[in-house]
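Subject: Structure handover

Hello,

I am passing this structure on to you. Please open it first and keep it beside the notes below.

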Amino acid sequence: MAITSANLKPAAEPRRLTILGSTGSIGTSTIDLIDRNPGAFEIEALTANKNVKLLAEQARRLRPQLAVVADPGLYQELKEALSGTNIAVAAGPEALVEAAGRPASWVMSAIVGAAGLQATLAAVRRGACVALANKESLVCAGDLMLDAVKRHGATLLPVDSEHNAIFQCFEAEGRKSIEKLILTASGGPFRTRKREELRDVTPAQAVAHPNWDMGAKISVDSATMMNKGLEVIEASHLFAMPEDRLDVIVHPQSIIHSMVAYEDGSVLAQLGSPDMRTPIAYTLAWPQRMPAPSARLDLAKIATLTFEAPDEQRFPALRLARQALKEGGTAPTILNAANEVAVYSFLGGKIGYLDMTAVVEDTLTAIPAQAMTSLEQLGAVDREARAVADRRVQALGLKR
Ligand SMILES: NC(=O)c1ccc[n+]([C@@H]2O[C@H](COP(=O)([O-])OP(=O)(O)OC[C@H]3O[C@@H](n4cnc5c(N)ncnc54)[C@H](OP(=O)(O)O)[C@@H]3O)[C@@H](O)[C@H]2O)c1
């Protein structure tokens with residue numbers, strides 16, 4: 001992967017930036033940083049799924065060339081909301097790809113789920129610097145994505161706080177003599193609950209993360225610890241690290257964002273308050289730094305940092321993700337698709353909290369993994385996994 005700071009000059013003029021998923025949690029944090037650093041960025045394109053109101057507000061203020069809504073039925077609404085401006089308007093999944101393909105040197109990839117894959121790939125294929133928040137695209141397309149990064153000379157800058165922390169350690173220390181990577185996990189809102197106490201958890205309880213303010217899907221993933229599983233897969237691709245050299249440690253305060261252990265026994269860590277604007281700022285300004293308003297660490301006030309081993313009995317999602325990573329090929333694609341179906345079914349009240357990992361496990365068992373050969377094959381596997389997971393959801397829903 002072409003991640004080196006040597007071949008990039010400091011940003012002397014405004015960076016041209018496209019934000020895929022500008023209306024989400026990462027998207028709005030990105031815009032907050034842009035607002036606080038006037039003159040540093042120009043916006044090429046903004047995209048959303050359905051939130052036309054916020055997208056139009058953002059577009060009227062930031063004046064991109066193009067605003068895209070993924071839901072084709074909302075084209076007219078967006079067009080009207082932006083009437084009287086010279087901002088081009090488009091709708092539908094192809095328009096997302098068009099937005100990502102436009103000439104912005106930097107792309108914030110912040111769509112949630114595999115829905116972000118094609119647009120992220122379009123940015124990669126024109127050799128852009130891609131700040132990657134959309135971990136699901138790397139989980140489901142793994143080697144195909146990395147091949148495209150290499151082939152087109154693109155750069156992936158990890159936004160996820162854990163991977164961003166490791167990336168920052170690497171920038172300081174290089175990538176030699178590494179023994180293992182240690183990803184920290186907050187443990188989510190149910191860290192101390194017994195498994196039987198999780199049966200009646202509601203969506204509102206599951207999205208209420210103790211430390212981070214995030215979108216609904218990643219909040220549920222954090223509660224089940226599937227998020228950490230997806231991150232283990234993401235780290236394996238980003239940093240070319242095998243599964244058995246990727247440790248997870250539960251650290252409820254979310255102050256240490258991750259660590260790199262070296263063969264001489266040294267461990268480097270990156271610390272900060274739990275505010276995504278710090279890792280986002282790092283990817284927007286890289287290889288420089290830019291100001292971000294995140295609360296400054298007061299270690300005397302925090303006083304105690306604690307650590308626990310993850311419990312894969314109570315949180316089997318982590319085990320399933322590790323299993324899919326070890327199996328390789330299309331197994332992570334199946335895991336990711338089934339998990340998306342499970343999470344949205346839980347959020348929609350169709351299945352219970354504990355059913356989510358059952359849907360993922362059953363789908364992984366039902367579909368044999370194959371070697372990953374093409375995007376077309378990956379699309380077919382993703383659709384098949386969603387269909388199998390949907391059937392499992394229906395069966396579980398009937399029992400409730
Ligand atoms: N939030 C965090 O703190 C955090 C931290 C690390 C990594 N991440 C990763 O960053 C990504 C975004 O997370 P988030 O929390 O920002 O999610 P979010 O708040 O739900 O926002 C998702 C964004 O994607 C858009 N979107 C949703 N479905 C889409 C579709 N089918 N087609 C096109 N656009 C679609 C949404 O548009 P609408 O607003 O119109 O629905 C919104 O702009 C995820 O992959 C997540 O794992 C997030």
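This is a predicted model: local features need pLDDT of at least 70, side-chain atom pairs count only at pLDDT 80 or more; totals for chains, interfaces and linings use all residues.

Residues are numbered from 1 along each chain as its sequence is written, and side-chain values use heavy atoms, with hydrogens and water left out.

The sheet

Four strands make up an open sheet with mixed pairing, in the order β9-β8-β10-β11. Strands here are DSSP runs of E with at least two residues, helices are runs of H or I with at least four, and both are numbered from the N terminus. Two strands count as paired if DSSP finds at least two bridges between them. At the edges lie β9 (246-250) and β11 (267-271), each pairing on one side only. From one strand to the next the twist averages 20°; axes are lines fitted to C-alpha atoms (for helices, over the stretch in contact), and angles run from 0 to 180 degrees between N-to-C directions.

Strand β8 pairs with β9 in the parallel sense over five bridges, and alanine 185 stands opposite valine 250 in β9. With β10, the pairing of β8 is antiparallel, again over five bridges; lysine 180 has alanine 261 in β10 as its bridge partner. Strand β10 (residues 256-262) is joined to β11 by five bridges, and these two run antiparallel. Here serine 258 is opposite glutamine 270 of β11.

Helix α7 (residues 161-173) packs on the sheet and touches β8 (178-185), β10 and β11, its direction making about 45° with that of β10. Contact means heavy atoms within 4.5 Å. Six of the eight residues of β8 are buried, so this strand is largely enclosed by the rest of the structure. Buried means under 20% relative accessible area, exposed over 50% and partly exposed in between (1.4 Å probe, protein chains only).

The cores

A nonpolar core is a set of buried Ala, Val, Leu, Ile, Met, Phe, Trp, Tyr and Cys residues joined through side-chain atoms within 4.5 Å. The largest has 92 residues, of which Leu181, Leu335 and Tyr353 touch the most other members. Beyond its neighbours within four places in sequence, tyrosine 353 contacts residues including Phe190, Arg199 and Phe346. A second, separate core has 41 residues, among them Ile26 and Ile280.

Regards
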